[in-house]
Each structure stands twice: as structure tokens, then as C-alpha cells.
Amino acid sequence: MDTLYSIMETVLPFPWIQYDFMKNALLAIVIITPLFGILGTMIVNNKMAFFSDALGHSALTGVSIGAILGIVDTNLTLLVFGILFALLLNKIKRRKTVSTDTVISVFSSLSMAIGLVILSRGGNFSKYSGLLVGDILSISIQEIGTLVIIFIITLIFWFFGFNKLHAAGVNESLARSKKINCNFMEDCFSVIIAVIVMFSIKWVGILIINALLILPAAASRNFASNMREYHLFSIIISLFSGITGLIISYFVGTATGPTIVIIAAFLFFITLFFRSILNHKG
Amino acid sequence: MKENRIKKRKIITSHIQPDTACGLHCIQIKDISVRDGAQTIIENINLHIHCGKITVIIGKNGAGKSTLIKAILGEIKHEGSIEINDLRNQTLMNLKIGYVPQYINMEKNTPMSVYDLFAGYISNSPIFFRKNPKVYHTIKEQLRVFEAQDLVDKRACDLSGGELQRVLLSIAITPVPNLLLLDEPVSGIDKNGMELFYENIGKLKSNFDLAMIIVSHDFEFVKKYADHVILMNKRIIKEGNPTEVLNSDEFKEIFGERVYPK
């Protein structure tokens with residue numbers, strides 16, 4: 001680990017890199033933002049933005065369950081709850097008795113309310129308010145290790161499952177006629193989103209995690225013309241806003257997550273602006 | 001090297017080389033019923049289809065045409081069975097179904113090229129990573145069947161309704177299925193596009209070894225191309241050749257006299 005640190009210090013000769021928490025935060029951002037960029041492409045394509053938002057909100061219940069059970073490390077309860085919540089949402093969605101938006105909204109508000117009720121009993125919610133905004137500077141080196149593992153698993157899934165997932169998203173009946181198991185692919189993808197959202201919620205924050213998932217992909221769509229460009233631009237935009245956001249927040253003294261979101265949103269509007277100019281010309 | 005390349009091309013073209021219909025496969029759809037709770041959506045549908053034949057399903061909105069297609073695709077729960085027999089040696093085969101959807105999920109600026117759309121269904125080579133030259137070649141060859149090979153690098157959302165239809169047709173026959181299902185294929189296509197589409201259906205019928213079930217509202221098309229017509233209203237109320245069905249009392253009762261005067 002020390003060698004990695006010293007490499008970072010030589011490659012990046014800036015005063016802020018001296019602090020270990022900045023090194024950790026930078027490492028975390030370099031792993032987490034491309035991951036968000038990749039997942040975002042499919043979330044936007046398959047119109048799952050509301051779904052990932054609901055998952056983020058449900059984190060409150062995950063934490064509160066941990067608090068009730070007296071578990072110190074709430075990561076585990078968060079993760080288990082997140083996965084169950086995602087699978088439950090998929091199951092209810094498939095019964096098609098109520099519209100998807102409504103179902104997700106109901107479950108999102110319910111799980112948030114349950115979390116708030118439990119965590120605020122005795123009037124000490126302030127202890128948990130950090131969850132809302134998150135703090136990337138608090139990430140430890142072990143947690144970065146776990147992030148790397150999640151990153152690798154996601155990449156493997158993406159290489160083997162992306163085509164099927166994409167096919168199912170474009171037209172389910174057509175995918176079925178090609179013997180693609182749509183529900184299984186959708187469940188796998190939901191579980192991966194759940195794991196990543198739940199695991200990174202402490203550093204990114206419930207209120208803004210969805211913005212980080214959606215914005216890079218949404219900006220990339222403004223000028224990409226195929227899947228390869230879509231992914232490439234999304235990763236670059238995500239990484240760029242992550243790193244500049246971290247540095248700016250260090251100098252200005254603001255929370256890192258929201259700073260990153262503002263930069264990503266700024267990039268979205270710039271790309272949107274250029275697209276509309278190009279469209280008018282063409 | 002050159003020889004090698006020629007060899008490779010031969011292999012690829014030979015596997016898409018159309019077989020003409022042999023007429024020796026028959027698909028039996030037996031007693032298909034779909035229920036939603038206590039409500040019956042379709043009931044006791046029996047169809048007997050031979051390869052090389054076009055069966056057209058007609059009926060009013062809500063008659064259960066799309067439901068039948070979905071049941072055959074195995075997308076919704078249904079009673080009854082679907083079998084394919086080889087009449088040469090009386091064995092059951094594995095039924096391969098092709099499907100041409102009415103629409104696809106796509107917005108104005110969806111970054112998906114025709115290659116991406118196509119390869120997603122027929123290949124496992126990750127489309128976000130690189131354009132696989134082998135897959136690219138196969139797709140171009142398959143698109144050539146419907147003269148759509150030049151569309152391969154275009155964005156799918158920039159295509160006209162007719163162009164998209166031809167791409168979807170190519171996807172449906174890669175690999176060649178035993179049974180091709182088309183759900184109201186002419187919606188959103190202009191007059192020229194429609195004629196081209198019918199020509200393509202005719203081409204499929206004469207060049208490929210497959211049976212087709214088409215849901216249609218276009219009675220001109222029915223008269224010209226259908227081998228067998230099914231008039232549906234939850235169950236089959238009339239079937240036969242186009243003249244029989246289009247002039248039947250049952251047809252007039254549902255669509256009225258003025259739609260298709262004698």
C-alpha cells in the first residue's frame with residue numbers, strides 16, 4: 001500500500017495529495033466513477049432511473065434494520081436489504097397490476113419512511129444525517145479493496161451479459177424468441193445495481209447517488225452514435241467530473257459528492273447545447 | 001491467405017443460404033387458451049400450419065390476436081401445446097420461432113446503431129466493447145436479404161419505419177426459424193414501404209423453409225398473399241382461403257359490408 005501511496009505522490013506533485021484521506025478518496029473515485037458511468041448507460045437505456053433512485057432511498061431502512069439488530073457494521077444489513085428490495089420490486093413490477101412508476105414510488109417512500117421512523121426514535125437522527133450527503137473522504141483502504149472486487153465482478157457481468165440485457169431492454173418478446181432469459185438478466189442487473197448503490201451510499205449519499213448514476217450516461221447520449229461511443233464518453237465524463245469535483249471541493253471546502261454532481265450536470269447542459277446547435281444545422 | 005478468405009466467406013454464405021420450402025414440416029397449435037383470472041382472453045385455438053404457407057390472423061381490436069402471438073412465443077401462461085413434426089419420419093423437432101415486433105424501445109437520440117441492435121440478439125460478442133468483424137460481416141449479409149446492408153452503421157433511431165421493419169425482419173430470420181410471427185407489421189409505414197414489405201414477405205415465402213403467421217388489418221394484403229385466413233374473436237369464428245373468409249357472413253358481421261365489398 002505504501003508503494004502505491006508513494007507512486008501517487010511522485011506522479012501527482014500537488015500539495016493536497018500528501019494527505020492519506022485525499023489519496024484514498026482519489027483512488028475510490030477512480031474506481032467508482034467509471035463503474036457508475038458504465039451502469040448508467042443501461043439504467044438510462046432501460047428507463048430504470050426511478051428504480052435506482054428508489055434503491056438509494058431504501059438504504060435508510062437497511063441502515064435502520066442494522067441499528068435495531070445492534071449490528072455495528074451496517075454494510076451487511078444494507079447489502080442484504082438492498083438485494084431483497086430490488087428483487088421484490090422486479091417481482092411486483094412483472095405482475096403488471098399497477099403501473100411501474102406507481103409501484104416503485106410507493107415502495108420508495110415506504111422504505112424511506114420506515115428508515116426515518118426507526119432512526120429518529122429518541123430524537124437522534126442527526127447521528128445518521130451524514131448518510132444523506134455522504135463523505136468520500138472517510139473511505140478506508142479496506143473498503144477500496146472491496147470496491148475493486150465489485151468493479152471486477154461488474155466488468156465480468158458486463159462482458160458476458162450486456163448483449164442479452166440490451167436485447168431484453170430493446171424488445172422483450174423479440175429477446176424471448178431468441179431464447180434469452182429476460183427476467184434472469186434483469187434480476188442480475190438489479191442485484192448489481194443494489195450492491196453498488198448500497199455499498200457506496202456512505203460516501204456518495206442518498207440524496208445524490210442517482211445523479212451520479214444518470215448524469216454521465218445522459219450527457220454521453222447527447223453526442224454518442226453507437227454503444228461503444230456511449231460507454232466511452234460516459235466513463236470519461238464520469239471520471240472527469242469525479243476527479244475535478246474532488247479537487248475543487250478540497251480547495252473550496254465543500255462536500256465532495258454534490259460538487260461532483262454539479263460538474264456532471266454542467267457537462268450535461270454543455271453537451272445538450274451543442275447537440276441542439278448541430279441538430280439545427282443538420 | 002486470399003483462398004482462406006474466400007473459404008471463410010463461403011462458409012458464412014452457405015449457412016444463410018435459403019432453403020426453399022419443403023412442405024414437410026407441420027406445426028400444430030393445439031387448444032391454446034389464455035385466461036386472466038376468471039376472464040377468458042382466447043379460447044380453444046387450433047391451428048395446423050405447413051412450412052411455406054402464410055397464415056393471416058384478422059379480427060377487431062381486443063379480439064386476442066396479439067395475445068395468441070404472445071402465447072405462441074411462450075411469453076404468457078397458456079393452456080394447450082405447440083408442436084412441430086417432421087412428416088418424413090414422424091419425429092418431433094425443436095421449434096425455432098422468429099418474431100417481428102410492432103415497435104422497439106427507442107428514443108430520439110438513443111445511441112444504438114443497427115449493428116448494436118442486431119448483434120445484441122444474435123451474438124455474445126460485447127457490443128459496448130468492439131465491433132466484431134465476423135459478426136459485422138454476418139449482419140451485413142443478413143441485411144442484404146432485404147436490401148438493407150447499407151443501414152448497418154446508421155443509428156437505429158434515424159431509420160424510417162420501413163427501414164426499421166426490414167432490419168427487424170433480418171433479425172427475425174437470423175438464424176432461419178421454422179415459424180415466423182409478425183405482429184401488425186404495417187403500422188407506421190407509408191404506401192411505398194408497405195408494398196416493399198409485401199414483396200419481402202413474398203420473397204421469404206418462396207425462398208425460405210419457414211411458415212408464417214401474420215396479424216394484419218390490411219385486407220388487400222390478405223387477398224393477395226394469404227394461403228389461409230383466420231378470423232378471430234376470442235376463438236376462431238371462421239377460417240379458410242381468403243375468398244371464403246372475406247366473403248363470409250361472419251366477416252361481414254364483424255367488419256361490416258362496406259369494408260370489403262364483393
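Tutor: Contact means that heavy atoms lie within 4.5 Å. The model is predicted, and local features need pLDDT of at least 70, side-chain atom pairs count only at pLDDT 80 or more, and totals for chains, interfaces and linings use all residues. Residues are numbered from 1 along each chain as its sequence is written, chains are lettered from A and ligands numbered from 1 in the order in which they are written, and side-chain values use heavy atoms, with hydrogens and water left out.

Student: Which residues does Gln28(B) touch, leaving aside residues up to four places away in sequence?

Tutor: Gln28(B) touches Leu47(B), His48(B), Ser81(B), Ile82(B), Glu83(B) and Asn85(B). Gln28(B) itself belongs to strand E1 (residues 25–36) of chain B. Strands (E, at least two residues) and helices (H or I, at least four) are DSSP runs, numbered from the N terminus.

Student: What makes the link between the side chains of Gln28(B) and His48(B) a polar contact?

Tutor: A polar contact is a pair of N or O atoms within 3.5 Å; within protein, one must be able to donate a hydrogen and the other to accept it, and residues adjacent in sequence count only if both atoms are side-chain atoms. The distance between these side chains is 3.4 Å, so it meets the cut-off.

Student: Why is the link between Arg228(A) and Asp116(B) called a salt bridge?

Tutor: A salt bridge is a side-chain nitrogen of Lys or Arg within 4 Å of a carboxyl oxygen of Asp or Glu. Here N and O are 2.9 Å apart, so the pair qualifies. Lys47(A) and Glu107(B) form another salt bridge, with the closest N and O atoms 3.3 Å apart. Lys47(A) lies in the loop between helices H2 (20–45) and H3 (49–69) of chain A, and Glu107(B) in the loop between E6 and helix H3 (114–122) of chain B, so this pair joins two chains.

Student: How many salt bridges and polar pairs are there between chain A and chain B?

Tutor: There are two salt bridges, and 18 residue pairs are in polar contact. On the side of chain A that touches chain B, helices H7 (141–170), H8 (172–177) and H11 (227–252) each give two or more residues. H7(A) supplies the largest share, nine residues.

Student: How is the size of an interface often given?

Tutor: It is often given as the accessible area lost when the parts come together. Buried area is that loss, found with a 1.4 Å probe and summed over both parts. Chains A and B bury about 3000 Å² between them, 55% of it on carbon and sulfur atoms.

Student: What makes E9(B) and E10(B) a pair of strands?

Tutor: Two strands pair if DSSP finds at least two bridges between them. Strand E9 (residues 228–233) and E10 of chain B have five bridges in the antiparallel sense, so they pair. In one of these strands, E10(B), Glu239(B) is the bridge partner of Ile230(B). The two strands form a hairpin with one residue between them, and Lys234(B) in the turn has a positive phi of about 70 degrees.

Student: Why are E6(B) and E10(B) called edge strands?

Tutor: The open sheet has six strands in the order E6-E7-E8-E3-E9-E10 (chain B), with mixed pairing. Strand E6 (97–100) and strand E10 (235–240) of chain B each pair on one side only.

Technical notes:
Buried area = accessible area lost by both parts, 1.4 Å probe.
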